[in-house]
Structure formats: structure tokens, C-alpha cells
Amino acid sequence: MLIRLRQKIIETTQKSLKSFFDGQTMPLVEVEVPADKTHGDFSTNIALKSTKLLKRPPLEVAATFCDAIRAGFQKAGMNDKIAKIEVLKPGFINFYLSPVSLCDILEQTLRDKENYGKSDFGKSRKINIEFVSANPTGPLSVAHARQAAVGDALANIFNFIGFSATKEYYVNDEGNQINILGNSVYLRALERLGQKEEFPEDCYQGQYIYEMADVYLAGKKIKTVQQLQALSQEDIRQFAVGYLMTVIKDELKDFGVTFDVWSHQSKIAGEDQIKKTLSELQSKRHIYEKEGALWFNTTQYGDDKDRVVRKSDGSYTYFMPDIVYHQDKFRRGFEKVFNLWGPDHHGYIQRLSAAIQSLGQPKEALHVLIVQLATLYRDGQEIQMSTRRGQYITLREVIEEVGVDAARFFFLMRLVEAHLDFDLALAKKETPENPVYYIQYAHARTYSVEAKAKEVNLSAKATGFKNLQEAEEVDLIKKIGHFPMILLFCWRQADVFALVNYLQELAAVFHRFYDRQRVVDVEKPELSAERLALINASRIVIANGLRLLGVSSPQKM
RNA sequence: GUCCCUGUAGCUCAGUUGGAUAGAGCAACAGCCUUCUAAGCUGUGGGCCGCACGUUCGAUUCGUGCCAGGGACGCCA
């Protein structure tokens with residue numbers, strides 16, 4: 001509702017002021033929501049931006065503009081939606097919502113319910129979000145956990161505002177890492193059968209390798225070293241990948257994260273496809289030979305140096321199948337592709353960007369989000385981690401320690417590219433220090449009010465609100481009205497942080513309302529009915545927001 | 001050495017793409033439950049927005065240069 005109104009304000013303002021700029025190009029009319037509510041509900045800086053062009057002081061321009069805008073709004077029949085337009089200090093023109101607009105917000109929220117905030121903004125455009133994509137060489141770590149929380153929430157939001165978002169996991173089931181994995185399991189299996197070999201430094205050291213070896217031996221009914229040696233390395237590799245992918249899928253599922261597509265390197269970027277893409281690049285003159293290797297001239301697209309795609313020994317670098325994989329994504333019809341990577345892949349962005357551009361995609365078609373690491377703390381003490389030694393906190397441990405809700409919320413509490421401190425002890429605490437509960441508590445409170453109202457036979461209205469004029473009520477309605485705009489902002493920022501922040505603010509406004517205004521009052525049934533509607537609307541927005549984040553909305557706490 | 005990110009209250013961080021008196025949570029202090037859940041609410045204190053120039057009506061935001069911290073830079077994946 002506010003999105004449309006804002007658009008209308010922009011258009012009408014533009015039309016009203018056109019005559020002042022005869023011939024010259026008018027600056028773009030921007031209408032934003034001021035941070036300070038004493039500056040109105042919407043605000044434009046058009047007068048400030050025009051002072052230079054019109055060669056008159058800002059306040060004078062603003063006053064003239066303001067008159068013209070008032071006349072324009074009258075003509076457009078917007079006076080019932082906007083109660084007041086005024087000029088403030090340096091030259092801002094501020095718009096104030098009318099009671100009719102506030103009523104509209106509430107009615108729409110109550111009407112749309114779980115669809116409130118939903119829009120067709122994305123026009124069903126196909127986008128892809130690839131995240132986690134951890135190599136199947138061990139359980140997921142906290143780094144993956146944050147990516148999972150972010151990727152899932154982003155996809156939820158994008159789908160809600162009308163995109164057709166596909167959540168995708170790329171399984172690296174080939175290459176060196178997988179060979180090492182296979183070898184690790186093989187060596188542990190030998191050890192179990194009594195033949196202890198030296199276990200190389202670069203093999204996976206974790207305890208889970210033993211468990212896999214046991215499962216493998218039992219599954220194949222292997223009793224002797226000879227029987228084990230008769231089986232191929234390929235067989236053990238396939239087992240290991242399959243086993244760990246099941247582990248990973250289970251972990252993600254318990255975290256509330258599911259994927260639409262699981263892509264496998266072995267299927268998408270096999271020898272044939274690689275050759276095809278390579279020759280396509282060659283025909284476009286992106287590939288040259290030097291010192292026996294094949295190089296991609298990625299510098300042409302801004303990379304620091306050219307990159308090898310095929311080594312002098314004839315094998316491919318990791319880059320090559322990745323090119324094929326991304327070509328495959330675009331062939332499947334995605335207009336925009338998001339990749340969530342850890343900070344260690346930062347240097348890889350330019351390279352991949354060059355690759356997709358060389359294959360005919362615009363630069364903006366690939367959006368890499370670097371998801372910064374989370375440092376875990378327990379009571380203020382940093383928890384040291386080492387992936388190599390297999391000493392790290394897994395996703396599973398985090399879930400078990402603090403629960404899914406707190407974990408997902410904490411991972412989203414900072415900008416994606418900002419470093420995150422995650423105190424496990426704090427996330428577990430049921431105290432005001434913990435922001436998850438603050439929001440969930442607001443949601444639970446709406447149910448207790450409703451229950452109380454039921455006891456005295458009071459119920460909510462659905463339309464025609466006239467009595468909600470207290471400051472706490474007006475603030476809450478406006479906050480509710482902002483929800484759809486916040487979701488669009490998340491898209492623009494490619495981040496979910498704005499929604500997290502918004503829900504905390506909404507909860508704060510709700511708690512203040514709850515504290516200062518009594519809802520259920522048998523002496524004032526009409527007012528109670530309207531306030532109950534406001535309670536319902538608050539619940540709808542909190543629930544919708546938390547659902548998009550993947551956090552539950554308890555009815556009781 | 002080259003490139004990228006970060007630098008805002010005691011701590012952890014926001015700051016709506018250049019706007020109005022720079023905000024929130026935590027921590028500290030002082031208050032509020034015979035009334036819908038006190039996991040809540042109210043109030044107080046706390047700032048060289050790393051530093052210096054520049055761009056303009058206007059800079060925490062953009063540019064350049066320094067300072068400090070972190071990270072990435074392989075015919076690895």
C-alpha cells in the first residue's frame with residue numbers, strides 16, 4: 001500500500017514541478033522515509049537539488065515547490081491519503097499520512113494475512129542462489145552454517161517478492177579432494193583390518209573417517225585386507241561421497257534448509273562438456289597456449305593475471321569445470337545468479353566474472369556474496385578451530401547447543417559481508433540480552449491478549465478504524481506499513497540484515513504499545529475491537545518476517 | 001610487493017546509495033508488576049564518525065593520500 005502511495009507521490013510531484021524547469025532536465029525526484037518521524041512519513045530533497053539550477057535559495061525554492069505540489073495533489077485526488085505537506089529547515093518537503101492511509105494499512109494487512117508483504121516485484125524472473133556447496137569431505141562447519149542461514153533466507157525473501165528463486169548446492173564430487181577422501185577412508189579401513197599404514201598429513205584426520213571405514217567394511221562384508229584391496233579406489237570414493245552427502249543433507253534438513261537442485265560436478269562438467277566449452281572459448285580467442293598449458297585471458301575483463309585452465313600435464317584446474325558449471329546455470333535460463341562464498345574465495349570473483357562475460361553474459365548477471373566468517377565464543381572466550389586437524393565446531397553441535405531459532409537468527413544479525421561474533425552462551429540465554437526472544441516474545445504476547453479478549457467476548461474488527469490515534473498506535477501502524485518496503489530493500493542490498501533489523505524495531509514498537517495501552521477493556525468495546533485488530537496485524541507481520549528468516553513464531557513462551 | 005575488506009559510544013554493530021540534532025542493543029546508574037506474559041517498559045550518562053586534504057548548497061557516506069587491523073594473491077581445490 002505504501003509502496004504504491006510512494007510511487008504516486010513521486011509521479012505527482014514530478015508532474016507538478018515540471019513547469020519550473022522549462023526545457024532543462026529536471027533532477028530525479030526521490031522520496032524516502034525519514035529516519036526521524038518529526039520529518040514526516042515521506043520526504044523529498046527535490047528543492048535542495050534544484051537550487052543550483054534555478055539559482056535561488058533552497059527555502060524559497062522549497063516554498064514555491066510546496067505550493068505547486070499541494071495543487072498537484074489536489075488535482076490528483078490524493079488529499080484523502082496525504083494529510084499535510086510542509087517545508088522544513090534546509091529545504092526538505094515532507095509528506096504526512098492521513099488517518100485514511102493508516103486505516104488502509106491495517107485493512108490490507110488483515111486481509112492479506114500470511115501473504116502480507118508479498119508482491120510481483122520480481123515478475124517471476126528466474127534467479128539462482130548457490131550456497132553452502134561444501135565439498136563432501138566432512139561434516140559442515142559453522143562457516144557453512146552461516147551461508148546456509150543467509151542463502152535460505154535470501155531465497156525465501158526473493159520468492160516472496162515475486163522472483164522465481166532456485167536454491168542450489170553444487171557437489172564437488174571429483175578432483176583431488178575427493179581422491180584424498182577416498183584414500184583416507186581406505187587407509188583407516190586397512191587400519192581396522194590390522195594393517196597400520198602411515199597416515200599422511202594431507203589426509204582427513206577427523207574421527208568420522210573411522211566411522212565411515214567401519215560402515216564401508218560392514219556394508220561390503222569385508223573381513224580381510226585382501227578383500228579390501230580387491231575393490232577399486234573408485235568404489236570407495238563413491239561410497240565416501242554418498243555417505244557424506246547424506247550426512248550433509250541431514251544436517252541441513254535439521255537446520256531447516258532444503259535445496260531445490262543438487263548439481264554434481266561429475267554430471268555437469270564431465271570431459272565432454274569441458275571440451276565443448278573449451279573449444280567455444282578458443283573460437284572466441286580467449287584461450288592461448290604458453291609453456292605447454294592453456295591460459296584464459298581473464299585480464300581482458302579486469303583480472304590481475306591470466307589463469308590456467310589446463311595444466312601442462314593435460315589435467316584441468318578447478319577453474320575449468322567451474323566455467324562449465326556456470327555456463328550450465330545460464331543455459332538453464334537464470335537471469336541472475338547469486339553465489340555465496342567464504343572469504344577465502346574472494347580472489348576468485350574476478351576470474352569467474354571474466355568467464356561468464358566471455359560467454360556472453362552481462363557482468364551483473366553474476367553476483368558473488370562473500371559471507372564473512374563467524375567467530376564462536378563461549379562466555380566471552382574465543383573457541384579455537386582448526387579444519388585440518390578435524391577440530392572444529394560443526395553445524396550439528398551449534399544446533400544442539402543453542403537450537404535452530406537462535407542459531408539462524410544470530411547468523412543473520414550482521415551484514416553478510418561483516419564479520420560476526422557468535423556467543424554460544426548468549427544465544428542460549430533466556431534473558432533480555434538475547435534478541436531472538438525479544439521478537440518471539442512480542443509474537444507470543446499477541447496470543448495471550450487474544451486469549452484474554454476471548455474470555456470477555458471481545459473480538460477484532462476488520463475494517464473502518466477510527467479510534468487508533470494514540471502515538472503508540474500510530475507508530476505501530478506505520479511500522480507495519482513499512483514491511484513490504486523492507487523486503488524490496490533486502491533485494492536491492494542483496495542482504496537479509498535489513499529485515500532482521502526491522503523485526504527488532506517492530507517488536508520494540510509493539511512492546512511499547514503493549515505496555516502503555518491496554519487492549520482488552522470491557523468498558524470500551526469499540527476501542528478494544530480496533531486495538532485487537534492492531535494486535536492481529538502485528539502478529540501477522542512478525543510471523544511473516546520470522547518465517548522468511550527461518551525462525552519459528554511460538555504462540556506461548 | 002599488488003589487490004580487497006574493515007575502522008562510528010566502554011563492548012558488539014546500524015546508518016535507507018550525498019541529507020535534517022549521527023542511532024540501536026549490551027554493559028553502568030535510577031525507576032515501573034493487586035490490571036492483557038517483567039523474556040517487557042521508562043529515564044540518565046556516554047562521540048575528533050581512524051587522520052588530512054579535495055569535490056558541493058550539504059560528507060560518517062564520494063575521491064586522493066597517509067595510519068591501524070584483517071584477508072586474498074600457485075600449472076591448489
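Predicted model: local features only at pLDDT ≥ 70, side-chain atom pairs only at ≥ 80, totals over all residues.
Tyr-288 stands opposite Trp-295 in β9. In total, four bridges join β8 to β9, which covers residues 293-296. The two strands run antiparallel.

What links β8 to β9? The two strands form a hairpin with two residues between them. Glu-291 belongs to this hairpin and takes a positive phi near 50 degrees.

Now widen the view to the sheet. Three strands make it up, in the order β8-β9-β10. The sheet is open, and its pairing is antiparallel. Which strands stand at the edges? They are β8 (287-290) and β10 (307-310). Each has a single partner strand, so one side of each is left without a neighbour in the sheet. From one strand to the next, the twist averages 45 degrees.

The loop between α11 (271-283) and β8 holds Arg-285. Arg-285 is not a glycine, yet its phi is positive, at about 60 degrees. Most residues other than glycine have a negative phi. Is Arg-285 buried or exposed? Arg-285 has 10 C-beta neighbours inside 10 Å, so Arg-285 counts as exposed.

Where does Lys-221 lie? It is in the loop between α7 (208-219) and α8 (225-230). Lys-221 is exposed, because 7 other C-beta atoms lie within 10 Å.

Helix α15 gives a view of covered residues. It spans residues 404-411 and is mostly covered. How many of its eight residues are buried? Seven are. They are Asp-405, Ala-406, Ala-407, Arg-408, Phe-409, Phe-410 and Phe-411.

Next, the chain as a whole. Chain A has 557 residues, and buried residues make up 38% of them. The chain contains 20 helices and 15 strands. Its C-alpha trace spans about 90 × 65 × 40 Å along the principal axes. Consider contacts between residues at least 6 apart in sequence: 73% of them join residues at least 24 apart.

Chain A is divided into three domains. Domain 1 covers 2-97, domain 2 covers 176-254 and domain 3 covers 433-549. The centres of domain 1 and domain 3, taken over C-alpha atoms, are separated by 31 Å. How many residues of domain 1 are in contact with domain 3? Four are, and they touch five residues of domain 3. On the domain 1 side of this contact, three residues are nonpolar, none is polar and one is charged.

Last comes confidence. The mean pLDDT of chain A is 90. Of its residues, 97% reach 70 or more. For the complex, the predictor gives an ipTM of 0.92 and a pTM of 0.94.

Technical notes: Residues numbered from 1 in each chain as written. Chains lettered and ligands numbered in written order. pLDDT = per-residue confidence, 0-100. Buried ≥ 20, exposed ≤ 12 C-beta atoms within 10 Å, placed from the backbone. Contact = placed C-beta atoms within 7 Å. Pairing = 2+ DSSP bridges. Axes fitted to C-alpha atoms, helices over the stretch in contact; angles between N-to-C directions. Domains from an automatic or database assignment. Nonpolar A, V, L, I, M, F, W, Y, C, P; charged D, E, K, R; others polar.
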